[in-house]
Amino acid sequence: MTIRILVTGGAGFIGSHYVRTLLGPAGPADVAVTVLDKLTYAGNPVNLDEVRDHPGFAFVQGDICDAVLVDGLLAEHDQVVHFAAESHVDRSILGAGEFVRTNVLGTQTLLEAALRHGGSKSFVHISTDEVYGSIDFGSWPETDPLRPNSPYAASKAAGDLIALAHHRTHGLDVRVTRCSNNYGHHHFPEKVIPLFITNLLDGRKVPLYGDGGNVRDWLHIDDHVQGIELVRTRGRAGEVYNIGGGTELTNKELTALLLEACGAEWDSSVEYVTDRKGHDRRYSVDCAKIRDELGYEPRKDFATGLAETVTWYRENRAWWEPLRSARHSSAVSPPFERRTGAP
Ligand code: NAD
Ligand code: DAU
């Protein structure tokens with residue numbers, strides 16, 4: 001029997017990779033996918049070109065906050081994998097309204113529709129490690145309290161908790177994943193890795209926030225998709241699963257690797273700029289649960305994954321150049337100011 005999966009936010013960076021993988025040659029044979037995506041600045045229909053003609057693929061342009069649309073779609077699907085979100089921390093600092101609307105109200109709209117159509121529907125909610133806050137030493141297990149700092153993280157924490165509440169209160173089969181920083185191809189060039197690569201390929205400087213000592217754990221999108229599939233197919237209802245990549249780097253270390261890959265020099269290419277407001281120092285998830293329970297292990301070595309990513313941006317200017325011009329002419333102004341010299 002074919003499982004009908006509704007993938008929200010499937011035209012974005014991670015969602016589109018998930019859909020391309022599910023409907024690709026190595027994907028499961030028993031699934032059909034409908035993407036529901038509003039096509040905000042971050043959603044790009046081109047990301048789905050590879051699967052557009054697949055007989056099991058359908059696309060609906062729409063808003064997860066549209067209760068009538070969502071109700072109709074939930075009636076026709078067996079599972080939901082919910083990626084749709086406003087995803088960029090800097091934008092949430094400039095204004096949190098869209099973050100609360102999509103990440104909280106949109107999630108609630110989907111959950112209520114799932115509940116109305118009941119049955120054995122499962123709902124995989126894609127959350128983030130940022131809901132835990134910031135940690136100087138050690139790693140968060142799933143049982144740690146949520147202490148989000150940015151408006152983005154707070155809106156994701158609200159969505160995460162309202163999803164879990166629908167399991168505890170109503171028995172809905174909700175599974176939550178909290179993953180670390182993803183990287184790979186088709187990543188919108190506002191996030192640090194694609195922004196720095198595309199700047200360097202254009203011979204521009206890269207803006208390093210603060211002292212460059214903030215730490216992120218990098219997870220390749222292939223490994224994230226692997227983790228989500230384990231949770232969708234074998235995870236337990238009401239459970240939270242951390243998904244990490246196992247490569248922690250300071251932003252300075254990451255920048256040095258990107259400069260090397262793009263053939264650029266530190267002194268002429270790096271510009272220290274004022275720090276992000278409320279900048280989380282370090283994220284680190286403990287992945288023992290998904291490893292021990294579901295057999296998850298990140299497979300992509302970071303050096304290989306980063307080299308492949310740089311090559312993809314080198315060879316796919318037609319994908320990112322229009323997005324960069326849109327970014328520069330948008331109402332979102334850069335959240336930083338230039339500083340001279342190192343901190
Ligand atoms: P993205 O910004 O690239 O894509 C988001 C997608 O959601 C876009 O296609 C956009 O058009 C769509 N969307 C936004 N608002 C919508 C609405 N109201 N209705 C329907 N569609 C809407 O994001 P991403 O980086 O692919 O992240 C996907 C999910 O993973 C998000 O929930 C994010 O919080 C989470 N996450 C991302 C990362 C990461 O490193 N990128 C890490 C952890 C968790
Ligand atoms: O940890 C998971 C999160 O990772 C996801 O939930 C978010 O959706 C995703 O955007 C990402 O959030 P970050 O804030 O960690 O990612 P970003 O790429 O914006 O920044 C990564 C680090 O790089 C962070 O310490 C800030 C720094 N940075 C970022 C930009 C855009 C810079 O130094 N300069 C920059 O220009």
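**Ligand 2**

I looked up Tyr209 first, and a polar backbone atom of this residue is 2.9 Å from an oxygen atom of ligand 2. The model is predicted, so I note that local features need pLDDT of at least 70, that side-chain atom pairs count only at pLDDT 80 or more, and that totals for chains, interfaces and linings use all residues. Residues are numbered from 1 along each chain as its sequence is written, chains are lettered from A and ligands numbered from 1 in the order in which they are written, and side-chain values use heavy atoms, with hydrogens and water left out.

An N or O atom in the side chain of Asn181 is 2.7 Å from an oxygen atom of ligand 2. For Arg216, I recorded 2.8 Å between a polar side-chain atom and an oxygen atom of ligand 2.

**Arg216**

I found Arg216 in strand β9, residues 215-220 (strands are DSSP runs of E, at least two residues; helices are runs of H or I, at least four; both are numbered from the N terminus). Buried means under 20% relative accessible area, exposed over 50%, and partly exposed in between (1.4 Å probe, protein chains only). I also noted the backbone oxygen of Asp280, 3.2 Å from a polar atom of the Arg216 side chain.

**Arg232**

I located Arg232 in helix α7, residues 221-234. Is Arg232 buried or exposed? Arg232 counts as buried because its relative accessibility is 5%. Its side chain and that of Gln79 are joined by a polar contact of 2.8 Å (a pair of N or O atoms within 3.5 Å; within protein, one must be able to donate a hydrogen and the other to accept it, and residues adjacent in sequence count only if both atoms are side-chain atoms).

**Ala29**

I placed Ala29 in the loop between α1 (13-22) and β2 (31-37). Ala29 is exposed because its relative accessible area is 85%. Ala29 and Ile3 are 26 residues apart in sequence, and their C-alpha atoms are 9.6 Å apart in space.
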